[in-house]
Amino acid sequence: MNTLPWTNLWLQRSPSFYQRVDPTPLAGPYFVHCNEQAARLLGLNAEDLGTETALRCFNGDEPLPGMQPIATVYAGHQFGIFTSRLGDGRAITLGGTLGANGETYEIQLKGAGLTPYSRTLDGRYPLGAAIREYLAGEALAALGIPSTRALCLLGSRTEIRRDRSETAAILVRMARSHVRFGHFEYFHHRDEIDDLRELFVFVIEQHFPELLDEAAEKWPLRFLETVIGRTARLIAGWQSAGFVHGVMNTDNMTLSGETLDLGPFGFMETYDPGFSPNPSDDQRRYQYDQQPDIGRWNCLALAQAFTSLLPSPTIPASLLRLYRQTYQQHYLQAMRAKLGLQTQHPDDIDLVNSLLSALALSGADYAGFFRELARFEPGRGLTYSAPLRNWLACYQDRLSLEKAPPNERRDRMNRVNPCYVLRAHLLYQVEQKAEKGDFTELERLLKLVQNPYEEQPGMAFYSQPQQQDNISRRLG
Ligand code: AMP
Ligand code: MG
């Protein structure tokens, strides 16, 4: 850990972007978990990470030489409504360090105490919620869906008040960049165009170096095209995996197109277009079937924050067409892969949509259905419900256009359709045990979701939906 080079490039930029702030240590800190996979991205192993020095650094007892922690300010649209000064009230950026692949990663502490932007809140992160974010980042990354990830998780004796008393945690997370749509919205809303431009150039220099070869007046449009493309692709990944973020506010959207701020998320079990894991989303703005449109809405909000930097104040229609096209292309590509289709047929989107209707009627488990489908053989669809049997007849016809032998198709499908997803009942079990200081279940589930395609002996419980009586519904 102490061999890593630390820089904080924010410190060379406008003081409007951030304030220096030191983490406030928790009492009795300890490592809940060190993420070997994420550590490797920094050229470390879990032992290098789990040291006393690292613990003291991440808990804010003793920063490493060169670290000058900051909190950055951002705004954002929450549930469609703009809040001009929203965050970052509970994330402290330690700085950037070099990854094993030569890329720079920004390391951030979530829950390390008050910052100048904490408003009336406490700057703390309850252990249960931090565990959820920790596991979800890993589960998504393993499914090939871009996500911010955590390097490690610290627990403590410090008690904090939520609905009930809980212990506080610090999540040490890493991303190529933690800059959100809301960072730009903040300066746009305040009409601070020089700061907006400076932030933009900062981001281009660090994260979009390919644009530096182009004329500077082209940067804003090219940047928006890239971010919109990444966002559309991200949401296509969520939809195909049956994942719902739960809080798609613009401040939870990154420029890198990585999933960020995993709170009340959920993986769908029974297929339901109205699935919403967030009980405080009364209007169901962020339910499953709304996510693609909300992604577009958020991109529009980002584009609006750039109007003063674009050659014309009107947002080009081509940008929003780009969102739809990219989304549809990536979604269809992902669904074809889930169905084991290598060729393309113009009716494939209809085949997907008719499957979703049949799944909704049958109440089948989404992930379970696709996993089982790899085993499907013509004439063996009898265990399925009537709507799915009808669909399987169409699927069988469609398969006749494929050239690959069934065995090969099955192997391919098993590499894209996970056996293990982060189901709510599994997370609940992890949280219950963690509250009592037992992290064995966390460890077990983490291993499964980090390697979700490999069926493990004796682990059938982890691939099944909530209730035992639902198991028979897996096949519809
Ligand atoms: P979220 O809904 O968790 O994405 O949070 C929205 C904003 O509120 C973020 O900028 C957070 O930094 C801030 N926030 C959320 N919870 C807390 C907290 N416990 N203390 C301080 N700020 C918080
Ligand atoms: Mg957030």
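This is a predicted model: local features need pLDDT of at least 70, side-chain atom pairs count only at pLDDT 80 or more; totals for chains, interfaces and linings use all residues.

Colleague: What makes you say the magnesium ion (ligand 2) is coordinated?

Modeller: Asn252 (OD1) and Asp261 (OD) sit at 2.0 to 2.2 Å from the magnesium ion. A donor has to be within 2.8 Å of the metal, so both pass. Asparagine 252 and aspartate 261 are also both buried. Water isn't among the atoms, so the site may look incomplete.

Colleague: Why are α9 and α10 called roughly perpendicular?

Modeller: Look at helix α9 (residues 317-338) and helix α10 (residues 348-362): their axes cross at roughly 70 degrees and come within 10 Å. Angles of 65 to 115 degrees count as roughly perpendicular, so α9 and α10 get that label. Their crossing is left-handed.

Colleague: Which residues of α9 and α10 meet?

Modeller: From α9 you have Tyr331, Leu332, Met335 and Arg336, and from α10 Asp348, Ile349, Val352 and Leu356. That contact of α9 with α10 splits into 6 nonpolar, no polar and 2 charged residues.

Colleague: And why is α10 called oblique to α11?

Modeller: The axes of α10 and helix α11 (residues 366-373) come within 11 Å and cross at roughly 120 degrees. The roughly perpendicular range ends at 115 and roughly antiparallel starts over 145, so α10 is oblique to α11. This crossing is right-handed. Leu355, Leu356 and Leu359 of α10 meet Tyr366, Phe369 and Phe370 of α11. The contact of α10 with α11 comes out as 6 nonpolar, no polar and no charged.

Colleague: Why is aspartate 191 called exposed?

Modeller: Its relative accessible area is 59%, and exposed means over 50%, so aspartate 191 qualifies. Aspartate 191 lies in the loop between α5 (181-189) and α6 (193-207). Its phi is near 60 degrees, a positive value in a residue other than glycine.

Colleague: How do you know that arginine 284 counts as partly exposed?

Modeller: Arginine 284 has 40% relative accessibility. Buried would need under 20% and exposed over 50%, so arginine 284 falls in between. You'll find arginine 284 in the loop between β14 (266-267) and α8 (291-305). Here phi is near 55 degrees, again positive in a residue other than glycine.

Colleague: Where is there a cis peptide bond?

Modeller: Between glycine 87 and aspartate 88, with omega about 10 degrees. Aspartate 88 is in the loop between β6 (81-87) and β7 (91-98).

Methods. Residues are numbered from 1 along each chain as its sequence is written. Chains are lettered from A and ligands numbered from 1 in the order in which they are written. Side-chain values use heavy atoms; hydrogens and water are left out. Donors are N, O and S atoms within 2.8 Å of the metal (3.2 Å for Na, K and Ca); water is not among the atoms, so sites may look incomplete. Buried means under 20% relative accessible area, exposed over 50%, partly exposed in between (1.4 Å probe, protein chains only). Axes are lines fitted to C-alpha atoms, for helices over the stretch in contact, and angles run from 0 to 180 degrees between N-to-C directions. Helices (H or I, at least four residues) and strands (E, at least two) are DSSP runs, numbered from the N terminus. Angles under 35 degrees count as roughly parallel, over 145 as roughly antiparallel, 65 to 115 as roughly perpendicular and the rest as oblique. A crossing is left-handed if the near helix is turned anticlockwise from the far one by less than a right angle, and right-handed if clockwise. Contact means heavy atoms within 4.5 Å. Ala, Val, Leu, Ile, Met, Phe, Trp, Tyr, Cys and Pro count as nonpolar, Asp, Glu, Lys and Arg as charged, and the others, Gly among them, as polar.
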